[in-house]
Amino acid sequence: MNTLYDDLEKSLLEAIEISKGNIPLEEKEEMPAKTFVASEREEEIINEIIRIRKERHISQKELAEITGSKQQAISRMEKKENSPSLKAFLNVIHALGLDIKLVNI
């Protein structure tokens with residue numbers, strides 16, 4: 001139940017930032033209905049995660065087992081069909097031996 005609450009909270013906070021114009025939206029092509037995604041640097045980061053996962057010879061299934069998620073969730077993230085929650089994203093990067101550092105730009 002915690003995951004549901006976390007995902008709902010994340011979605012609501014993102015919706016607020018989108019409505020304020022702080023997160024730009026891009027139309028996602030090849031969808032049956034008009035679909036917009038907030039993808040500022042998401043694609044670049046996910047591509048780097050995929051590269052590191054493959055470089056370390058970790059399969060999607062193995063990564064899912066390590067993170068406690070399903071292989072389909074890893075696949076959807078890597079295909080950029082689904083944006084992971086922050087918690088799921090952190091689980092993935094920590095499983096790959098990575099961490100996030102916030103810096104002033």
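In this predicted model, Lys 80 is found in the loop that runs between helix H4, spanning residues 71-78, and helix H5, spanning residues 86-95. The backbone of Lys 80 has a phi near 60°, which is a positive value in a residue other than glycine. Such a value deserves mention because most residues other than glycine have a negative phi. With a relative accessible area of 27%, Lys 80 is classed as partly exposed, since that class lies between the limits of 20% and 50%.

A positive phi, of about 55°, is also computed for His 57, which is not a glycine. His 57 is placed in a loop as well, namely the one between helix H2, covering residues 42-55, and helix H3. The relative accessible area of His 57 is 70%, and this residue is therefore described as exposed, the threshold for that description being over 50%.

Helix H3 itself comprises residues 60-67, and Thr 67 belongs to this helix. Thr 67 has a relative accessible area of 14% and is therefore counted as buried, a term that applies under 20%. The side chain of Thr 67 is joined to the side chain of Ser 69 by a polar contact of 2.9 Å. When the neighbours within four places in sequence are left aside, the residues in contact with Thr 67 are Ile 74, Asn 91, Val 92 and Ala 95.

Methods: Residues are numbered from 1 along each chain as its sequence is written. This is a predicted model: local features need pLDDT of at least 70, side-chain atom pairs count only at pLDDT 80 or more; totals for chains, interfaces and linings use all residues. Side-chain values use heavy atoms; hydrogens and water are left out. Helices (H or I, at least four residues) and strands (E, at least two) are DSSP runs, numbered from the N terminus. Buried means under 20% relative accessible area, exposed over 50%, partly exposed in between (1.4 Å probe, protein chains only). A polar contact is a pair of N or O atoms within 3.5 Å; within protein, one must be able to donate a hydrogen and the other to accept it, and residues adjacent in sequence count only if both atoms are side-chain atoms. Contact means heavy atoms within 4.5 Å.
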